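Here is a friendly walk through the packing and the pocket of one model. Take a look at the structure first, then read on.

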Amino acid sequence: MRKLKIGSVKKVMSLREKKVEKKKEEIRKSAMSVIAEKGYHATTMEDIAAKLLMTKGSVYYYFKDKESLVYESHKLLLEQSMEQLQDVLAEELTSVAKLRKAMVVHMENVITERTDFFIGVKPDQVFEGEHLQEILHLRNQYSDCMNRLIQQGMEDGSFVQVDMKIVNYIILGAMNNAVIWYSPKGSKSIDELANSIADYLLKILL
């Protein structure tokens, strides 16, 4: 299973910047943990600080408010997911294998980062202004990449001819819906579940 590396940065950072980024990642993870228990709207900055045994003021040093904190976490998640999808697009695989791999990776991410993905189900209820616009932009970029995978398969004859936009909505909607029904107590491992769902969804196009 491919692990999502939330908070990874490509630029060379100074020691101080590394320490700040490490602390911010710790705060983001703590926030997601508290939100998983209490829900986004019921969670306060005090709750997040208490989880880390920090003062509220210390958390505010790193993040302006709760929305900014969650925005940064969700933006990093989308950027990492996009990077993974682009890696799949660049691989020398058949159209069927590419789309299947993309769906498996997406499902693994949805399950392992369930709280963060759940926040993204209705971003307009969490984010405002520029934050909302950036999240929607990243989501659209991701959807466009999925469209390209479907388009490639239709062009080379691997997939039947379909309304690409509708099928993409169906596939992404079905996978993202796992944030609601997934339970770690189920009989399948994350890898088994991700592969099973990918196989079922592929049948729409075969």
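## Core and pocket

In the largest nonpolar core, which has 34 residues, L99, M103, M146, I171 and M175 touch the most other members. Such a core is a set of buried Ala, Val, Leu, Ile, Met, Phe, Trp, Tyr and Cys residues joined through side-chain atoms within 4.5 Å, and buried means under 20% relative accessible area with a 1.4 Å probe, protein chains only. The biggest contributor to this core is α5, with seven residues; helices are DSSP runs of H or I, at least four residues, numbered from the N terminus. A separate core of 12 residues includes V70, V126, L132 and I135.

This is a predicted model, where local features need pLDDT of at least 70 and side-chain atom pairs count only at pLDDT 80 or more, while totals for chains, interfaces and linings use all residues. Residues are numbered from 1 along each chain as its sequence is written, and side-chain values use heavy atoms, leaving out hydrogens and water.

L149 sits in helix α7 (residues 129-155) and counts as buried because its relative accessibility is 1%. Contacts here mean heavy atoms within 4.5 Å; the table leaves out residues up to four places away in sequence.

| Residue | Touches |
|---|---|
| L149 | L85, L89, K98, L99, A102, F159 |
| M146 | L85, L99, A102, M103, N168, I171, L172, M175 |

Helix α7 also gives the most to the lining of the largest pocket, with seven residues.

Methods:
Helices (H or I, at least four residues) and strands (E, at least two) are DSSP runs, numbered from the N terminus. Buried means under 20% relative accessible area, exposed over 50%, partly exposed in between (1.4 Å probe, protein chains only).
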